[in-house]
Amino acid sequence: MYNPDESIEFPAKAAAEHRYDDFSILLHWVTVVLVASLWTLGQSLSFFPKGGPREAALSVHILLGITLGAILLVRIAWRAGAGRRLPPADSGWQGELARSVHYGLYVLLGVTVALGLSRVWLYGNHVFDWFAFPRPAFSTRSVIRTIGGLHADLADLVVIVAGLHAAAALAHHYVLRDSVLRRMLPGKRKTRPEQ
Ligand code: HEM
Ligand code: HEM
């Protein structure tokens, strides 16, 4: 049976020929759509008229955020278990950089989601008329503002780092013309690495 960890020693070119498993690919692209929607909606919140419309927009943001948090947990569990892990497509410092960026993205996403959830809990937000988070007694305006500000800053950082990561993937595809981008695209997969 193919063991992803064994492929660590394979030459970079052969490694780049592989694909992630279908579920990892699905989780990756669902994450991309959720992050793009969350950031765009987060940035547009102030354009919604105060009151009902803005609260509805924020409710959608919160629900999408909770969904992203759940997807992230599933993704980390899948990656740590049955999911296919591939070695860096590049060798040397570029491979190390790619690996660090990937881990960095997981951490940044986790912290951004945690700060978003904390902000919701500290403020005691409503989600439509469905339910409200119980606001803790120790919560103060300045704590809420600080956590909200950190959430916004990290959300921007996620988008910047993910943008650079996407640019690197596109450069591999269109400039270097190798198969790194195809590792994360659905399609026919080779079941065993070339040796
Ligand atoms: C990676 C995922 C997320 C991204 C990219 C994101 C992005 C954003 C952005 C850009 C804003 C606007 C900040 C501003 O300029 O005022 C915002 C606000 C907010 N987000 Fe998120 N968000 C994410 C996840 C979450 C989650 C998981 C929750 C909670 C379940 C959440 C709750 C909130 C709340 C309550 C606000 C309003 C904050 C305030 O007005 O101080 N977000 N988000
Ligand atoms: C919010 C945006 C994005 C996030 C958070 C994100 C996150 C990630 C993470 C965490 C990995 C590592 C997978 C693993 O080994 O577990 C990864 C891999 C990958 N991503 Fe993204 N990604 C984003 C957007 C994109 C976009 C837009 C593209 C393409 C244009 C892309 C292409 C790839 C490719 C090709 C890989 C595999 C790289 C390799 O095997 O060396 N990603 N992504």
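Ligand 1 is surrounded by 26 residues, the closest being G42, G65, G116, G148 and A152; a residue is near a molecule if its C-beta atom, placed from the backbone, lies within 6 Å of it. Two or more residues of this shell come from each of helix 2 (22-44), helix 3 (52-80), helix 4 and helix 5, where helices are DSSP runs (H or I, at least four residues) numbered from the N terminus. The shell around ligand 1 consists of 15 nonpolar, ten polar and one charged residue. Here Ala, Val, Leu, Ile, Met, Phe, Trp, Tyr, Cys and Pro count as nonpolar, Asp, Glu, Lys and Arg as charged, and the others, Gly among them, as polar.

The model is predicted: local features need pLDDT of at least 70 and side-chain atom pairs count only at pLDDT 80 or more, while totals for chains, interfaces and linings use all residues. Residues are numbered from 1 along each chain as its sequence is written, and chains are lettered from A and ligands numbered from 1 in the order in which they are written.

Around ligand 2 there are 22 residues, with V35, H102, A162, A166 and M184 the closest. Helix 2, helix 4 and helix 5 each give two or more residues to this shell. Its classes are 16 nonpolar, four polar and two charged residues.

Helix 4 (residues 92-123) and helix 5 (residues 141-174) pack with their axes 9 Å apart, at an angle of about 155°. Helix 4 is therefore roughly antiparallel to helix 5 (an angle over 145 degrees). Residues in this contact comprise 18 nonpolar, seven polar and one charged.

Definitions and conventions:
Axes fitted to C-alpha atoms, helices over the stretch in contact; angles between N-to-C directions. Parallel < 35°, antiparallel > 145°, perpendicular 65-115°, else oblique.
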